[in-house]
Structures are given as structure tokens and as C-alpha cells.
Amino acid sequence: MTALGAPSRGRRRTRVRVTGTVQGVGFRPYVYRLAGELGLGGYVLNDTHGVLLEVEGGAGAVDAFLARLGPDAPPLAVVERVLAEERATTGQADFTIRPSLGGGAPDAPVTPDTATCPGCLRELFDPADRRYRYPFINCTNCGPRFTIIRGVPYDRPKTTMASFTMCVACQAEYEDPTDRRFHAQPNACPVCGPSLRLVGDVIADDPIAATVTALRAGAIVAIKGIGGYHLACQADDELAAAALRARKHREDKPFALMAPSLAGAESLVALDERARDLLSSPARPIVLAPRRSGAPVATAVAPGARELGVMLPYSPLHHLLLADAGTTLVLTSANLSDEPIAYRDDDALERLAGIADLFLVHDRPIETRTDDSVVRAAPRRMVVRRSRGYVPGALSLPGAGAPRPLLACGAELKNTFCLARGERAWVSHHIGDLENYETLRSFTEGIEHFSRLFAVEPEVVVHDLHPEYLSTKYAFELDGVELVGVQHHHAHLAACLAEHGEAGPAIGAIFDGTGYGLDGSVWGGEILLGSLGDFTRVGHLLPVRLPGGTQAVREPWRMACSWLVAGAVEPPAAWRPIAELARSGLASPWTTSMGRLFDAVAALAGIRAEINYEGQAAIELEAACDFSERGSYPIVLTGEPLVIDPRETIRAIAADVAAGESPGAIARRFHRTIATATVEACVRLAAAHATEVVVLSGGVFQNRMLLESVAGGLAAAGLRVLTPERLPAGDGGISYGQAAVAAARP
Ligand code: ZN
Ligand code: ZN
Ligand code: FE
């Protein structure tokens, strides 16, 4: 090889293997152009490992090629590794794109849906361009991917674009390696591609202009997007926003907003550099940021919320709509409360008939329902919902990864599932709450879809320990697989460790609403000492009764009763029957849930007695906090395992309530109390078990005030704090954690 491959008279031939996300992102035409520019011969092709290429020419030109290959790659490419090897020269002067080599399973055959790129945007608003104001413009650098794919290999016939035949002009772009649309599978134009239609009581030549007119007049419009339908109205229209809230039966949950520009977003929320980057990123998530006083939004958009969820236009349709409207729109997922987002046309028209006045629809089918992702950028990155724009991007598993292909079924609420093979893990889009039949179907169909896309035939199936979770039941019904049960809070801990590439051991403060404990009780205020493979419970919240079981989740005042009973405080007369239930323990399982403690305090402080969506009481308790308040309540840490005992806290809160103290002061004092106790508990346990790493996860840590004070306190004590950044702290991260645990077990 040395003799053959020795460079002769300054001429060289080099074979290059590129791995990462390099297929379906315009990598081959990019290589073709780069080689052409440098006057090199050779070839490039896709195979199962990524991209393989050879270049031949002057040694200087080959060096220049290698130097630029990674850094100049197209925007959607993620180059992980470039391996170069000298070959014998052949004298080849031309450069060709060769057919793909099949066989085996590619690592990244499908990329996430991506926001309209600058090139397409310029054409969209250029009156001279043939795609001027065409709502489905896209190229290899942008457009729909995951939501339109039906199977692999990723080619047009295997997408929902299959029924559209490209016109001569589009076909020419598609076949031209120098064109931005070379092998852009959803390539389309007004002549050959999908088209818009306005359904309702209007006659419209221009569906977008007519939609904007209707929105200005106060209409609610259902708009078909990338991953499903949205419901839109003008964000500053009090009547329309209130009507939308009433018709959706969404009593309190904030609506997401789409601003026409970054400047428009700045008028709504306070943004720092990280938040601005995130808003403008190709994934275009909904970004949660502090609401500006005087933000021009109707009262009904986000009653009582300190943060607003804002996004920027991500499809060409949105760009046209927002440019014409010139103002912020409410763009909330189209569903009745608790139902999954509508995405099939007939279903949407039927289900949304009582909500929307008009429907802005199109004829490109959505294959996979995908909600908007929700992310907070500051003060630290936190993903609340990981879906459109991020899925199905692969995450890695630490170490050697999964020795055998596996499926992790996730939790029950805010479900995601996860498939893993080797060091790669594919976490699904946000599926939702499995108790709903529609979502359960998305779950089972989604698993089949992902198994095909990523060629994972699970030999190991991982499930939660809760026997009644529908995801657990699904696992139990599978034949011929090895089942692995993973405790819920251990999965939260492992997910956070694994996304940071760590194996532990670490102390994990895992606070959430509900998770099945090893003793069969309802856990949720747990301090674990754990690594990826196993854990011990080294601390927890004092157990109390959950009066009436799950009903106590919807009715926080029941938890207030329970905690008053535990604290030996006489409850108000109206609460006595439930206090009796808590005292007797009848139909009232034990729980160490931290989420339920927050519920109880929200009810005691008079902030919220019953909830309309998961986590509402805790969210409102946080929002109520009076920041000028510096006090806190007594709380006790005792025993081994270490018990966080807030009975004195409850007594002090009851006294504050009786004395007429403001809810804001109580809320803030309570937050400070729990934060201090958590820091103290973690510091003690970390010292006792000789570790310096602390993981903070579980849905309760979506509470920004709690998270920041605990993380700050731990860092000040010299501990290293890990928090979930790429996956939710809530149950959307469970499936990946389950996969990490199973992969780490021998
Ligand atoms: Zn583009
Ligand atoms: Zn065309
Ligand atoms: Fe959880």
C-alpha cells in the first residue's frame, strides 16, 4: 500500500470517510462543488456508514479540500469524524456522484424538520423568482423531513410528496449536483407542488391575504402547519383570545405566540443572547422567556403567567402569514384540552369545527403528528417538550452503548419512547398522555415507524415498574424479548447523567409528581445515590397520605388536608371529611411526592384548590412569589435514609395564613425553605458517599426559582451540578433514562 499509494510528482489521491449526519443534508453536492472549485477528480457516494469519497489532484489542492471539508459543510450536516487514507493515483480528472451503496442500516437516515433557510426566504419574497410567495418552498438546507417521511431510504416516493410529480424545472434542479435543490426530496413549485386552500365562509383568490383579513376582523383560524394544525388569532385581540380559550375548553394553560420577527419577539419577552439564538435556530422551538410589562397581548393569552412562550416563523407559510399580518399571532396547537394535536385533514375539519371560523389547509399530508418543541434558554437551558425540530436527531449513550438493540417504553404522561442500537439512541417526539386512545395509537404506530426508520429490532424492552402504565402493559404483551424494569426516578437520574456522557455515581435529587417506588408506594421527593446501572434511595420527603388517590392530583386542596393532618393542624371545617380520609388512610396510598407538597402549599396559600392541567398549582405558586421576601420557614432533616420533614413548615404556613400573610410572601418563603433543605440534604449525602456530582431532575425542577436556588447553593458548596439540557426534566426524559440504565446493566 505504501509503495502504491506514494504520491508521485505532487499528485495525490485520498480516500475520505465522513460520518455523522451527512445524508439528506446536501453533503454530496457540497463535496461535488468543493472538488470542482479546487479542480479535483474523484467521486462521492452515500453508504451505510455515511459518506465515502475519493479526491485526486495536486497535493496542495487535496490539502485545501481536506481542510475545508468539515468547516464548510452545509448547515444541516453534523460532521462527527473525517478519516483520510492515501490511495494510488488513477489519473481520474472528472468528479462524479455515484449511486448509493445499500445494505445495512444507516445511522442518520432521517433529519428533523428545519426552518426555512435564508436562501429560500430571499426567493420567497423576490417578485422575480418563480417561487415568489410560494408557501411550500424548500431546499436541501431546509424544509419538512421527519413529519413527511413514510419509510426508508429517504426518497421522494417514501414521503408524503409521493403524489406530486415534479415539473421539468423542478426535476432539473433535483438532478443538478450544483443546485441547492439537488436531491431535495420535498422540492416543489407553484406549478407542480402542494397548494393552499381556505375552507370556510369566504371566497378568496389569495388564501393568505384572506386569512390575514379574517384575523384582523377577530376570526379564529385553524392553520395546517408542519407537524399538525394550529389555532390562530391576533394576540392583542381581547375578544378573539377569550373566545379561543372558551371554545378550546382550555381554561388556564398559556397560549404560544408567533412573532413576525426577532424585534417583535423582543417587545413581548426579555431575551438574552442565548434566547435570541435559540429563537432563530433552525429548530425554531417555542422559547419561554420573562414577559415584558406592557407586552401587547390579550389578557386571555397567558393569565397570570410570568413567562410567555414565543416562537418565530418556521415554515414559508408562516413567513408569508406573519409578514402580511405584521403583528404577533396566537398559534396554539389545535386540539380540545387534553386531546392530541390534530394533524389529519378530515379529522381536523371535524374536531375543530366548533372552534375555528376558517381553515387554512393544504394538500401535503402530515405523516407523523409532531408538536412544537418548548425550550427555556436562560438562566440555563431546559427543554420542556422535545419534538418538532429536534426529533429524530440521535443522542448518544455513554460508553459502548446498548450491546443489544433495545426499546424503552417511557412513562405514562408526557410519554416518549426511545430506540437504541450501539451508542445511538433515538428518542421519539412528544407522544402525550397514553390514557387517551388517540395518543396510545400514536405510541404503538410510532414505535413501529421508528423501528423501520432506524432499523432497530428490539431484543431488550425496558419499562417502568408501574404495572398500570399503558407503556408497561405494552411491554408485557411483546413476545420473544427480554424485559427490563427500571424504577422511575432512577430513569430520571440516568437520563441526566447519560446526556452529559457521565456514568456516576452521583447524588440525584429527583422531584416530581408521581413515580412507582420500589416499595409500591408513590414516590416523588427522592434523593438517590446512583450510577447508570443501579441506585439506592438515600433520602426522601416525609411520606403522607394521598387522600382518595389520583383525585388528590386534580384537587390540591386534598393534599393540603393531608399535610395539615401530618402537621397536627386542625383543618378548616369544609376540609374535615377529606382530612378524616387522610387520617384513616382509606383509599389513600402513601406518597413522598414533592409535586404534591407544592400543590398542598398552593392550596393552603389560597392560590389554587383545583387544577385544569398537570403542574398548574406549582406553576402558579412559583408565579405568585414575592421577590422582595427574604424569610423562610423551619424544616427538619433527620434519620437515615435522610428524611426531609416539612411538618414544621406546614405549621408555620398555617399560622401565616391565619395571620393574613400575603400568598406571595408565603409562596416565596416556601420556595426558599425547600431549596435550602434540598441543598443541605445533597451536601450531607454527597459528603457521606464521597461524590461531588449532584443531578437535579424530575418535573418539579421545571420550576425555575427552585432549580436556580438549589443549583446555586450546591455550586457554592463546591459540588458539580448536572441538570437536563437536551431532554425534559419531566417524564419526556424517562424513556432515554430507561435505555441508559438497561444499556449499562450486564
Ligand atoms: Zn432552503
Ligand atoms: Zn415544479
Ligand atoms: Fe417523573
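Predicted model: local features only at pLDDT ≥ 70, side-chain atom pairs only at ≥ 80, totals over all residues.
Local features require pLDDT of at least 70 and side-chain atom pairs count only at pLDDT 80 or more, whereas totals for chains, interfaces and linings use all residues. Residues are numbered from 1 along each chain as its sequence is written, and side-chain values use heavy atoms, with hydrogens and water left out.

Contact (heavy atoms within 4.5 Å) involves 18 residues of domain 2 and 12 residues of domain 3. The buried area, that is, the accessible area (1.4 Å probe) lost by two parts on being put together, summed over both, is about 1,300 Å² for this pair, with 45% given by carbon and sulfur atoms. On the side of domain 2, Ala-283, Arg-369 and Ser-373 lose the most area to domain 3, together 35% of what that side buries.

Between these two domains, 2 salt bridges are counted, each defined as a side-chain nitrogen of Lys or Arg within 4 Å of a carboxyl oxygen of Asp or Glu. Arg-369 forms a salt bridge with Glu-438, with 3.0 Å between the closest N and O atoms.

Cis peptide bonds join Ala-378 to Pro-379, with omega of about 0°, and Val-391 to Pro-392, with omega of about 10°. His-183, although not a glycine, has a positive phi of about 55°.

Technical notes: Chains lettered and ligands numbered in written order.
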